Every structure is written in structure tokens, then in C-alpha cells.
Amino acid sequence: MSDFDLETILGEHRQREPIFHQRVFGTSRDDLEAMTEEDFFEIGASGRIYRRDFVIANLLERYKQPESHDWPCRDFSARRLAEDLYLLNYSLDEPGRTTLRTTIWQSSGGSWKIVFHQGTIAG
């Protein structure tokens, strides 16, 4: 894969992050299921593991309210892990803390699906 291809993929993912806060990609159960793999899971900043159904249920509740802030992200990087599988890293500045984020994205049938996500509080 050329650097140009990786830069293109990085650009596509930057538009989608932070995941689940870019409401333009959908806020319904069907939307969220379409953007996540069936075995998707997340490790939250607390260190807890959250499975797909739990994440979706919490997001559906969150989407009933306006976003609390604009979720500024920076320091993006991407790495190809395997054919159609990419690791994205970035920093997210939240009110009162910064978290380091990792998302694994898979290209599937012409669209992107989230395989894994982790947020870790920066030192």
C-alpha cells in the first residue's frame, strides 16, 4: 500500500472520529449495528470492557440529548494491520481530561466497520 492510500484512509477515518460522536453517520440502532462488527467491543477509560449491545443501548440514550461539546481530536496516525484492517490512534481533548484513543477499522463490502475501540486517560 502506498503512502497516498494510507493518507486517504487516514482522512476518511478522521472524519468518523471520535466514533459515536459524529452523528452524521447515524444515531439509530440500525445505523450503529451497521457501523460495528457483531463482535465489536470497547475498553473504556475506566478499564472496563463494554460489548456491542451495551454500547449501543447507552448510545441510544445519549443521542436523546444534544452533544455536550465538540470533541476536538488531534495527533492522528494510522497503520495497516492486514488487508482491509486499519489501526487508528489519536488524542481526544475532553472537558477536564485528555484521552488516547485507538480504533480498529475494517473495510467490509465498501463501507467501514468498527472492530474495536479503546480510550485511555493520558498520564
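Reader: Quick one to start. Is T103 buried or exposed?

Author: Buried. This is a predicted model, and in it T103 has 0% relative accessibility.

Reader: Which strand is T103 in?

Author: T103 sits in strand β5, which covers residues 97-108.

Reader: What is T103 in contact with, sequence neighbours aside?

Author: Leaving out neighbours within four places in sequence, T103 contacts E17, I19, Y86, L87, L88, Y90, I114, F116 and H117.

Reader: Which side chain makes a polar contact with the side chain of T103?

Author: H117. The two side chains are joined by a polar contact of 2.8 Å.

Reader: OK, the sheet. What's the strand order?

Author: β2-β1-β6-β5-β4-β3. The sheet is open, has six strands and shows mixed pairing.

Reader: Which strands are at the edges?

Author: β2 (49-51) and β3 (73-82). Each of them pairs on one side only.

Reader: How much are neighbouring strands turned against each other?

Author: By 20° on average, with direction ignored.

Reader: Do β1 and β6 run parallel or antiparallel?

Author: Parallel. Four bridges join β1 (residues 36-43) to β6 (residues 111-121).

Reader: How many bridges pair β4 with β5?

Author: Ten, in the antiparallel sense. β4 spans residues 85-94. L85 stands opposite Q106 of β5. Q106 also has the partner K113 in β6.

Reader: What holds strands of a sheet together in general?

Author: They pair through backbone hydrogen bonds, parallel or antiparallel.

Reader: Switching to charges. How many salt bridges in the whole structure?

Author: Seven.

Reader: Start with R74. Which residue does its side chain meet in a salt bridge?

Author: D93, at 3.0 Å from N to O. R74 lies in β3 and D93 in β4, so the pair ties together parts that are 19 residues apart in sequence.

Reader: How accessible are those two?

Author: R74 is partly exposed, with a relative accessible area of 35%. D93 is partly exposed too, at 25%.

Reader: Which residues make up the salt-bridge network with R74?

Author: R74, D75 and D93 are linked in that network.

Reader: What about R101? Which residue is its salt-bridge partner?

Author: E94. The closest N and O atoms are 3.2 Å apart.

Reader: Why does K64 count as exposed?

Author: Because its relative accessibility is 58%, and the cut-off for exposed is over 50%.

Reader: Why is E61 just partly exposed, then?

Author: Because E61 has 47% relative accessibility. Partly exposed covers the range between the buried limit, under 20%, and the exposed limit, over 50%.

Methods: Residues are numbered from 1 along each chain as its sequence is written. This is a predicted model: local features need pLDDT of at least 70, side-chain atom pairs count only at pLDDT 80 or more; totals for chains, interfaces and linings use all residues. Side-chain values use heavy atoms; hydrogens and water are left out. Two strands pair if DSSP finds at least two bridges between them. Helices (H or I, at least four residues) and strands (E, at least two) are DSSP runs, numbered from the N terminus. Axes are lines fitted to C-alpha atoms, for helices over the stretch in contact, and angles run from 0 to 180 degrees between N-to-C directions. A salt bridge is a side-chain nitrogen of Lys or Arg within 4 Å of a carboxyl oxygen of Asp or Glu. Buried means under 20% relative accessible area, exposed over 50%, partly exposed in between (1.4 Å probe, protein chains only). A polar contact is a pair of N or O atoms within 3.5 Å; within protein, one must be able to donate a hydrogen and the other to accept it, and residues adjacent in sequence count only if both atoms are side-chain atoms. Contact means heavy atoms within 4.5 Å.
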